[in-house]
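Morning, everyone. I have one model to walk through today. Please bring it up on your screens.

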Amino acid sequence: MTTPLHASPVSTDDIVQALTAIVGPQACLTQAPDLKPFVTDYRGLYVGQAAAVVLPNSTQQVSQVMAWCHAHGVVVVPQGGNTSLMGGAVPEAQASSPAVVLNLRRMNQVLAVDTVNDTLTLQAGVTLNAARSAAEDAGRLFPLRIGSEGSCQIGGNISTNAGGTAVLRYGNMRDLVLGVEAVLPDGRIYSGLRGLRKDNTGYDLKQLFIGSEGTLGIVTAAVLKLMPQPTASSVALAAVASPAAAVALLGEAKKTAGQAVTAFELISGPALDLVLGYLGNVKSPFEARHDWMVLIELTSGASAEGLDATLMQVLEAGLDSGLVLDATLAQSGADAQTFWRIREEISDAQTRTGGSIKCDVSVPLSRIAAFIDEATAAVLALEPQTRMIVYGHMGDGNVHFNPLRPADRPAKDYLAAFYEPISRQVDSLAHAAGGSISAEHGVGVAKRDDLSHYKSDVELALMWQIKNALDPQGLLNPGKVLPAPVAAPVVA
Ligand code: MLT
Ligand code: ZN
């Protein structure tokens with residue numbers, strides 16, 4: 001299927017020599033201890049192999065590295081902050097030829113802030129935190145908000161179409177990108193650093209690089225949309241009667257507060273128990289234990305008092321109708337921070353217990369409550385002591401449905417027995433409800449082969465056609481996203 005341009009495989013020495021000549025000796029790492037953090041994924045589940053890690057400092061250097069690797073048949077794995085949960089940013093363990101990891105962290109310059117056009121132009125290696133700060137310094141908001149914002153990079157956010165806790169209001173990364181510069185597998189540069197909100201001149205090529213997880217090109221710079229900075233925010237935690245009650249409360253919130261509803265996060269009782277145990281010094285905001293809670297955040301350009309009053313109105317209506325069982329409104333910025341900390345640390349709390357079965361699904365809101373009920377029943381039928389860590393961005397239909405081992409059972413045993421059957425059940429229930437088996441975490445290696453069950457033949461064929469058109473040798477981030485193509489039947 002692939003057409004190598006090179007006559008014979010190159011040695012590691014050849015690769016190192018050539019790439020050192022492009023990026024300089026300090027920026028071409030070759031020693032095993034130096035390579036380790038770049039070939040090991042964030043959760044330590046995927047450990048790959050690399051001949052070298054290169055750290056280019058310009059688009060020109062990325063282009064030269066790609067051109068050389070293309071001419072010599074060398075695999076390149078692009079990498080940002082290496083925070084993928086799907087093993088998408090590290091090389092394969094069983095690679096047939098040596099790979100090069102191309103990490104963009106030295107390309108970390110904010111290039112321009114345009115407060116008339118409301119755009120931020122930056123290199124791909126700028127961290128999400130730094131991008132948000134650059135926007136804030138200019139009196140604007142860059143609204144993408146995810147737990148790993150201190151280390152994840154804008155290039156990775158684009159390549160994975162990152163989501164997070166403010167998608168309900170502002171959309172995914174795809175909705176926040178106006179222009180992209182990307183280096184193609186053969187080293188050519190696609191220059192699309194335009195800050196236009198309207199441009200109907202044919203195919204929207206930048207979309208090829210958003211969410212394709214570095215399999216079609218390496219994003220080296222981008223133009224992002226900036227938003228007005230909210231002047232007020234109001235945050236509450238509410239215990240709700242059920243997932244269905246949570247959905248109904250979201251409806252109330254949208255009716256009363258409209259656009260101001262910025263985040264609406266679900267937290268199950270076991271998720272709260274787990275995170276409070278992990279944090280140690282944070283108390284539950286509720287007297288009683290509840291099975292389901294939601295964190296609601298409103299933001300706007302209005303006054304803080306007005307926003308608090310609106311949120312109180314939503315909560316009181318919920319209490320009156322029985323949707324809400326108890327509620328607490330943050331009285332200060334510190335309270336709001338604590339509520340968010342509880343929500344954001346759920347992920348790490350699971351990792352600390354040996355890891356859960358991560359299912360990151362999305363389902364239309366109209367069917368999400370039924371999905372949660374059915375998937376919970378299916379998991380508990382397999383192992384009734386499972387801790388149901390169910391949480392996430394319910395407002396946009398995204399649930400992190402993460403069954404966790406019973407407290408007295410070793411993680412290894414539980415994962416060996418249930419990872420496959422539980423993820424299969426959860427994914428197929430989400431699919432049957434019109435949902436997706438990967439809402440925001442992407443595909444990487446972890447979900448690659450599952451795509452063949454959930455995408456149509458036409459979708460898979462189109463994905464491969466696009467991949468082969470841009471990367472006919474299959475050298476860019478191989479083994480990620482695309483399941484092995486099914487051979488065409490032989491016609492006699
Ligand atoms: C989150 O929203 O906390 C993450 O996307 C979930 C995770 O880390 O599994
Ligand atoms: Zn999430």
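Which residue in strand 6 is the bridge partner of V113? The partner is L120.

Before going on, the ground rules. This is a predicted model, where local features need pLDDT of at least 70, side-chain atom pairs count only at pLDDT 80 or more, and totals for chains, interfaces and linings use all residues. Residues are numbered from 1 along each chain as its sequence is written, with chains lettered from A and ligands numbered from 1 in the order in which they are written.

Back to that pair. Strand 5 is residues 110–114 and strand 6 is residues 119–123. Strands here are DSSP E runs of at least two residues, helices are H or I runs of at least four, and both are numbered from the N terminus. The two strands pair in the antiparallel sense, over four bridges; pairing takes at least two DSSP bridges. They form a hairpin with four residues between them. In the turn, D118 has a positive phi of about 55°.

Now the domains. There is domain 1 (12–103), domain 2 (110–228), domain 3 (232–347) and domain 4 (353–432). Those bounds come from an automatic or database domain assignment. Between domain 1 and domain 2, the C-alpha centres lie 23 Å apart. Across that boundary, 15 residues of domain 1 contact 21 residues of domain 2, contact being C-beta atoms, placed from the backbone, within 7 Å. On the domain 1 side, helix 3 (residues 59–72) gives the largest share, seven residues. That side has six nonpolar, nine polar and no charged residues. For the classes, Ala, Val, Leu, Ile, Met, Phe, Trp, Tyr, Cys and Pro are nonpolar, Asp, Glu, Lys and Arg are charged, and the others, Gly among them, are polar.

UniProt, in an unreviewed entry, places "domain: FAD-binding PCMH-type" at residues 46–229. Such annotations may be inferred rather than shown by experiment. That span is 18% helix and 25% strand. Its end C-alpha atoms lie 39 Å apart.

Next, ligand 1. Around it are L85, G147, I346, S347, K358, G392 and H400, counted as near by a backbone-placed C-beta within 6 Å. By class, that is two nonpolar, four polar and one charged.

Last, the segment after helix 15 (457–470). N477 sits there, with phi near 45°, positive in a non-glycine. Are they buried or exposed? N477 is buried because it has 30 C-beta neighbours inside 10 Å. V481 is buried as well, with 23. The cut-offs, within 10 Å, are 20 or more other C-beta atoms for buried, 12 or fewer for exposed, and partly exposed in between, with C-beta atoms placed from the backbone.

Terms used: Two residues are in contact if their C-beta atoms, placed from the backbone, lie within 7 Å.
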